[in-house]
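I am opening my notebook on this structure, and I will write down what I looked up, entry by entry.

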Amino acid sequence: TPALAEKLGLGRAALPEELAAWDHDVRPDGLGLPEGSGDVLTGEELFSEHCAVCHGEFAEGVDNWPKLAGGMGTLDRDDPLKTVGSYWPYLSTTWDYVHRSMPFGNAQSLSDDDVYAIVAYILYSNDLVDDDFVLSKENFTEVELPNAGGFIIDDRDTTELPLFIREPCMTDCKETVEITAHATVLDVTPNDTTDDAPAAGAAE
Amino acid sequence: MTDEPETTKAASVPQIATTRRGFLGAGVAAGGALLGAGAARAAGPDPLITEIQPWAQGLGDGVDATPYGLPIRFEGDVVRRNVGWLTADTISSINFTPIHALDGTITPQGCAFERHHSGAIELAKEDYRLMINGLVETPLIFTYADLERFPRETRTFFLECAANTGMEWAGSQLNGAQFTHGMIHNMEYTGVPLRLLLEEAGVKPEGKWVLVEGADASSNGRSIPLEKAMDDCLVAFKANGEALRKEHGYPVRLCVPGWEGNMWIKWLRRIEVGDQPWEQREETSKYTDTLADGTSRKWTWVMDAKSVVTSPSPQMPIKHGPGPLVITGLAWSGRGAITRVDVTVDGGKSWMPARLAAPGQEMAVSRFYLDHVWDGSEMLVQSRAIDSTGYVQPTKTELRDIRGLNSIYHNNCIQTWWVKANGEAENVEIS
């Protein structure tokens, strides 16, 4: 077993302060959440100041920047809108990701209370809590996101491998072949090495 | 006289052309003039032979001219390419390996694709620290110098972005193998088995998963089951013989053989052992695959068997006219080694086994060749990879029947190039 393997004696023991500085991850069961709390209205102010330039005042997204709210009930449609409210399974992921990696370009600048408040505002933007809601370490795991049950573990072993592990056809595999779609109809491929814009009009 | 002199040709090559159509027109005209040239008598003496050329008379560069060289300027089109409309900005974005123009299997680091979520950071070896914590006997800190003292392994692996070919789910969209299949590179890595680092810290019996994260602002945290971490994951510091490039995770990255590129954490700074997965943003919001009924697969780690013909292809039109034609491409599988690649030129009515340049290696790219004689008529060219598990690369229709159109990731379908009689090729779908 790993625990019995012979060691080389390389590296040194990590100090508590070092572990505290880098180990910030939060799990769906709430493991890793720090003490703290924040309410929707505080979150709205913080969101307006730090987030809305990209994500919109109502978390609806600006230009191509990610939309954090909306899209409920669109997952089985063409072009589903995947947001915290419509798609994300766990609130812990929102807290963890905002805390470590947002705002884009100034990550790790938000306090624990700031993050609780911003996450409360994102919940409010998705119509999941009222405007007087206070999110805290204590009530965090009581929040269940709408799509918590929307994920299955990779099932290719049962749904695909039995179909695709096979003896392939080599001759007389089909009678006719027709072209059904052309990339040049869309014409969104850059032309030369200095051109990173679409050739003529973006697809979306 | 069969071609313009190299010196004037050189000036026009790096930029290819302002429009592809103009370039193709010129290429086809040259090809037409060459019809049957392989066996024909020369029209007259070739001045490139009969006249003394400057390189045969004067002097080239000294050995002190280029301490670390770049490709010759005539290869200026063999570069990474960006597609502006794919992402909101260029920092959390993707670019593409010029696989259409490469051969063999090793990807030159300088044009190997990049995918960042908060940009390519600069992290010196002196500033580098790797932490192992969580359910271990002793949480540890390693310096870069510590890592160099562990027993090493050298292995060649492909790294394919989970989103490679993702823009093609709904239809033919981007016109070139670089754009449809270029979120991939294949390198020879040297590093320390992750198992040895975990053993040094001592994994507790209740440890079942590891969280791996980078030093960059995005952190890119992912959960990996302990069995994979203890099996073949490599904490790498060299690629293709030299240090990792900045944009590929200098000084240390994780290799997760056969698994989606997102998990190959760059600028690796921390590995935590836990008893449950973390469900980070990169394994919930992203890198989950939505099916037609609105449910989504998670933890779709393995990249299935896949292949693509790199030439001829939209960026590599046939310019030499009918006759001998090398059809070549790449094949790979995250489930094992490539054992066979079949090629069709009639849209899948009939298939021919291609020749592998070398026996397939587990979780590494294979190069295939089909030595064909082209009669000058239209072709619908496809390749079909088969791996050591017996998995046969499916068609796009077969994948759509199971997954629908909104999976985004893991599109390993058979690609079709329509090669026209003039040698130009286009990305198409066929029945």
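How much of residues 297-416 of chain B is helix and how much is strand? I found 7% helix and 40% strand there, with the end C-alpha atoms 27 Å apart, where helices (H or I, at least four residues) and strands (E, at least two) are DSSP runs numbered from the N terminus. UniProt lists these residues, in an unreviewed entry, as "domain: Moybdenum cofactor oxidoreductase dimerisation", and I note that such annotations may be inferred rather than shown by experiment.

Before going on, I note that this is a predicted model, in which local features need pLDDT of at least 70 and side-chain atom pairs count only at pLDDT 80 or more, while totals for chains, interfaces and linings use all residues. Residues are numbered from 1 along each chain as its sequence is written, chains are lettered from A and ligands numbered from 1 in the order in which they are written, and side-chain values use heavy atoms, with hydrogens and water left out.

Next I looked up residues 123-279 of chain B, which UniProt, in an unreviewed entry, gives as "domain: Oxidoreductase molybdopterin-binding"; I read 15% helix and 36% strand over them.

I then followed an open sheet of 3 strands with mixed pairing, in the order β4(A)-β14(B)-β13(B), where two strands pair if DSSP finds at least two bridges between them. Its edge strands, each pairing on one side only, are β4 (151-153) of chain A and β13 (289-290) of chain B. Strands β13(B) and β14(B) (residues 296-298) run antiparallel and are joined by 2 bridges, and I found R297(B) to be the bridge partner of D289(B).
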